[in-house]
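Welcome! Take a moment to turn the model around on your screen before reading on.

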Amino acid sequence: MRTPATPPESTPPLQSCLSQWLDKQTRHLSADYRQYLQDELQKIVSYQATIGVMGKSGTGKSSLCNALFGQEESAVSDVTGGTRYPQEITLAYQSGRGISLIDMPGVGESLQHHEEYRDQYKALLPELDLILWLIKADDRALSLDQQCYQELLQPNLANHAIPVLFVISQADKIEPCREWDDQQHRPGPLQQEHLVLKQRVITETFNIPASHISVIAAAENYGLPELVENIVRVLPHERKWGVVRETKPEQISNTTWQLCLACLWQLLRSRLGDLARKGKEVMVDKLSALWGR
């Protein structure tokens with residue numbers, strides 16, 4: 001299977017690029033089958049991914065949105081109304097439905113509202129494809145994050161297989177911050193050691209695999225392609241393209257691109273198999289009807 005080597009620069013070329021690629025893969029099929037797969041391709045590329053975002057105030061949510069998608073957060077609207085409720089941020093700058101980010105309450109808010117938040121999470125989690133939990137690199141106080149995770153999130157995750165990725169943000173702020181390499185836009189040796197230690201602490205505190213932790217510095221354009229790759233890896237196949245479609249091309253690594261294409265081909269082959277099986281069922285029904293006469 002020959003695949004495009006790099007992602008195109010915007011959504012119209014993306015659709016065109018994928019359509020041409022699909023046409024080459026399906027030349028041996030009938031025109032009806034090719035059109036069916038092209039229609040399915042359009043549906044898959046147009047799916048919207050819904051991502052819940054958690055973290056204390058000042059963890060860099062807006063900076064992350066800008067670095068990944070090229071835009072600041074759009075106008076915020078209440079999902080359920082009120083001042084302590086989830087806020088929905090729709091990012092759709094490249095194409096129609098885009099990505100829906102849900103800014104979830106709880107971390108850093110008054111603990112007296114936890115019961116209220118627990119009900120909100122129970123209602124909201126079935127709508128989410130992924131949760132991103134941001135923690136500042138220089139934030140040593142994880143007790144509140146841990147409490148929110150254990151009391152608000154974990155009880156509800158038991159009934160919903162939603163992946164949670166932790167993001168260590170503002171990596172350039174970790175001590176010794178003067179060691180940051182401004183030319184290479186990367187941590188210095190001692191900073192890197194401290195970031196590794198931070199990852200280990202988060203792994204142990206939240207009992208999650210190290211592979212579910214990304215380290216970024218949005219202002220320095222550090223670690224973003226790796227974060228996008230992690231997001232794409234854990235998202236359901238149908239939702240991967242919503243992220244790829246809206247993300248800046250420079251943040252999409254070739255590994256991420258090839259992973260998305262492999263999943264796309266797997267989805268299309270499955271859809272084609274479903275169509276073929278339906279076709280056989282229709283033919284059997286027709287033959288049965290004729291035999292019955």
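## How to read the model

This is a predicted model, in which local features need pLDDT of at least 70, side-chain atom pairs count only at pLDDT 80 or more, and totals for chains, interfaces and linings use all residues. Residues are numbered from 1 along each chain as its sequence is written, and side-chain values use heavy atoms, with hydrogens and water left out.

## The overall picture

The protein's secondary structure comes to nine helices and seven strands. Here helices (H or I, at least four residues) and strands (E, at least two) are DSSP runs, numbered from the N terminus.

Of the 293 residues in the protein, 46% are buried. Buried means under 20% relative accessible area, exposed means over 50%, and partly exposed is in between (1.4 Å probe, protein chains only). A contact means heavy atoms within 4.5 Å. Among contacts between residues at least 6 apart in sequence, 67% join residues at least 24 apart.

Let's look at strand 1, which covers residues 49–55. Seven of its seven residues are buried, so strand 1 is largely enclosed by the rest of the structure. Both of its faces are covered: Ala49, Ile51, Val53 and Gly55 are buried on one side, and Thr50, Gly52 and Met54 on the other.

Which strands pair with strand 1? Two strands pair if DSSP finds at least two bridges between them. Strand 4 (residues 99–103) pairs with strand 1 in the parallel sense over five bridges. Strand 5 (residues 130–136) also runs parallel to strand 1, joined by five bridges. Find Gly52 to see both pairings: Gly52 stands opposite Ile102 in strand 4 and opposite Ile131 in strand 5.

## The nonpolar cores

A nonpolar core is a set of buried Ala, Val, Leu, Ile, Met, Phe, Trp, Tyr and Cys residues joined through side-chain atoms within 4.5 Å. The largest one here has 42 residues, and those with the most contacts inside it are Leu18, Ile51, Leu132, Ile231, Trp241 and Leu264. Helix 9 (residues 254–292) gives the most to this core, with seven residues. There is also a second, separate core of 33 residues, including Ala137, Leu153, Leu157 and Val215.

Leaving aside neighbours within four places in sequence, Ile231 is in contact with Leu130, Leu132, Leu165 and Val243.

## Helices that cross

Two packed helices are described by the angle between their axes and the distance between the axes. Axes are lines fitted to C-alpha atoms, for helices over the stretch in contact, and angles run from 0 to 180 degrees between N-to-C directions. Angles under 35 degrees count as roughly parallel, over 145 as roughly antiparallel, 65 to 115 as roughly perpendicular and the rest as oblique.

Helix 2 (residues 31–46) packs against helix 8 (residues 237–246) at about 65°, with the axes 6 Å apart. These two helices are therefore roughly perpendicular to each other. Ile44, Val45 and Ser46 of helix 2 make the contact with Glu238, Trp241 and Arg245 of helix 8. Sorted by class, this contact has three nonpolar, one polar and two charged residues. For these classes, Ala, Val, Leu, Ile, Met, Phe, Trp, Tyr, Cys and Pro count as nonpolar, Asp, Glu, Lys and Arg as charged, and the others, Gly among them, as polar. Seven of the 10 residues of helix 8 are buried, so helix 8 is largely enclosed by the rest of the structure.

Helix 3 (residues 61–69) and helix 7 pack at an angle of about 90°, with axes 11 Å apart. On helix 3, Leu64, Ala67 and Leu68 meet Leu224, Leu227 and Val228 of helix 7. By class, that contact has six nonpolar, no polar and no charged residues.

Most residues other than glycine have a negative phi, and most peptide bonds are trans. Where can you find a cis peptide bond? One joins Glu175 and Pro176, with omega about -10°. Pro176 lies in the loop between strand 6 (164–169) and helix 6 (189–206).

His185 lies in the loop between strand 6 and helix 6 and has a positive phi of about 55° although it is not a glycine. His185 is partly exposed, with a relative accessible area of 39%. Asn221, in the loop between strand 7 (213–215) and helix 7 (224–234), has a positive phi near 60°. At 45% relative accessibility, Asn221 is partly exposed.
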